[in-house]
Amino acid sequence: MAGRHFLQIPGPTNVPDRVLRAMDYPTMDHRGPAFGALGSKALEGLRSVFATKGRVVIYPASGTGAWEAALVNTLSPGDHVLMYETGHFASLWKTLAERLDLKPEFIESDWRFGVDANVVEDRLRADTDKAIKAVCVVHNETSTGCASRIEDVRAAIDAAGHDALLMVDTISSLASIDYRHDDWGVDVTVAGSQKGLMLPPGLSFNAVSEKALTASKTAGLKRSYWSWDEMAGPNETGYFPYTPATNLLYGLVEAIDMLHEEGLENVFARHQRHGEAARRAVQAWGLEVFCNNPAHYSGSLTAVLMPEGHSADAFRKTTLEHFDMSLGNGLSKIADKVFRIGHLGDFNDLMLSATLSGVEMGLELSGVPYQRGGVLAALDYLSARDQVSVAAE
Ligand SMILES: *Cc1c(COP(=O)(O)O)cnc(C)c1O
């Protein structure tokens with residue numbers, strides 16, 4: 001296939017050339033004198049992305065590792081944790097918690113909505129003996145395209161007068177959807193490198209509040225590789241207790257520079273704008289956006305419901321074979337029923353336009369009933385908005 005592959009899954013995302021070049025260095029001595037500056041820069045830069053003044057921990061691991069780290073550092077065997085079934089990823093985190101001998105109380109829910117903070121508040125109010133030690137929610141549920149309002153979850157915990165820790169998975173929202181670890185009183189934020197941060201897979205992160213650090217002093221779950229304590233000493237001078245993913249750290253520092261050059265507020269606005277354009281296309285095609293609550297629409301991906309009797313996977317196979325474009329699949333209970341358009345990371349108007357063109361041509365070739373004009377609706381939105389901002393100057 002000539003030209004670039006279109007990697008339009010909601011992570012891993014496209015890695016910008018600048019980041020690729022930043023990693024193209026000989027591997028360095030991770031205990032040598034030059035390494036500390038790189039490690040410190042990476043740790044310091046990440047704080048700005050999480051919007052925290054507190055500690056950040058970097059693991060050479062996928063996001064799943066940082067999920068485990070969040071739990072094993074703060075909790076004890078048999079602890080109750082309140083989790084919310086927003087979709088596939090929330091369900092995986094719950095399974096992970098069960099395997100660690102925690103007792104997840106799972107709020108079962110319609111995958112077409114994000115977290116209803118009132119339900120969280122009611123559950124916490126009913127927990128009069130304070131058995132629940134943590135509330136764990138996924139910020140942006142990558143399987144459904146619903147983004148929950150974390151500030152509302154914080155408010156629910158406060159309104160219930162509960163002291164549970166708040167843990168949030170931002171693996172597909174950090175650096176693409178507005179997020180504030182400190183302002184929203186989050187105790188552990190979990191993130192990964194390969195989505196909004198525009199890096200290859202291989203790094204994951206915990207941002208940690210003082211309250212979570214205190215909890216870690218008495219938490220009874222066994223931990224070694226994931227131990228925040230082990231990291232603390234070496235991290236002070238930019239070093240790690242074991243071999244860090246050195247070349248990914250070069251990339252991380254470059255990606256954070258790029259985010260600040262654009263400005264995080266602008267990065268968030270760009271993602272919201274692309275989400276809106278994608279949804280306008282879906283609507284014009286006469287298809288349904290999977291997320292059913294406009295307050296929960298995601299800026300980083302759009303999941304699209306296939307019409308009854310049509311296979312989302314067959315459609316995705318067509319877009320891959322004919323247009324060399326990868327779209328996200330439906331996961332677990334919505335397998336083959338939805339496809340997902342990733343519009344996060346290193347992404348611009350023309351990449352979105354081309355992606356939507358591939359979807360529209362794929363619908364035509366697959367014999368899916370749809371109306372033409374989705375791409376046009378997106379272009380109208382993107383160009384009208386530009387004219388408005390140009391006119392305002
Ligand atoms: C991608 C993703 C994960 C899984 O991360 P891995 O890096 O594959 O371990 C978990 N949660 C969310 C919300 C995700 O988008």
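I call two strands paired if DSSP finds at least two bridges between them. Strands (E, at least two residues) and helices (H or I, at least four) are DSSP runs, numbered from the N terminus. This is a predicted model, so I keep to pLDDT of at least 70 for local features and 80 or more for side-chain atom pairs, while totals for chains, interfaces and linings use all residues. Residues are numbered from 1 along each chain as its sequence is written, and side-chain values use heavy atoms, with hydrogens and water left out.

Entry 1: I looked up the strand order and got 1-13-14-12-11, an open sheet with mixed pairing. Strand 1 (6-8) and strand 11 (288-289) are its edges, each pairing on one side only. Strand 1 runs parallel to strand 13 (residues 325-329), and three bridges join them. Within that pair, I find Gln 8 opposite Leu 327. Helix 10 packs on this sheet and touches strand 11 and strand 12 (301-305). I count a contact when heavy atoms lie within 4.5 Å. The direction of helix 10 makes about 15° with that of strand 12. For such angles, axes are lines fitted to C-alpha atoms, for helices over the stretch in contact, and values run from 0 to 180 degrees between N-to-C directions.

**Entry 2: helix 10 itself.** The 22 residues of helix 10 (264-285) should span 32 Å, and the end C-alpha atoms are 32 Å apart, which agrees.

Entry 3: I then checked strand 8 (165-169) and strand 9 (188-192): they run parallel, joined by three bridges. Asp 169 has Val 190 in strand 9 as its bridge partner.

Entry 4: Most residues other than glycine have a negative phi, and most peptide bonds are trans. I noted two exceptions. Gly 11 and Pro 12 are joined by a cis peptide bond, with omega about -5°; Pro 12 sits in the loop between strand 1 and helix 1 (17-23). Ala 51 is not a glycine, yet its phi is positive, about 55°. Ala 51 lies in the loop between helix 2 (35-50) and strand 2 (55-59).

Entry 5: On a 1 Å grid over the protein atoms alone, a cavity is a set of points where a 1.4 Å probe fits but cannot get out; a pocket is an open set with protein on both sides within 12 Å along at least five of seven lines, and lining residues have an atom within 4 Å of a point. Points are joined across faces, edges and corners, and a volume is the space filled by probe spheres set on them. The largest pocket has about 300 Å³. Of its 19 lining residues, the closest to the centre are Asn 14, Pro 16, Asp 346, Phe 347 and Met 351.

Terms used. The expected span of a helix is 1.5 Å times one less than its number of residues.
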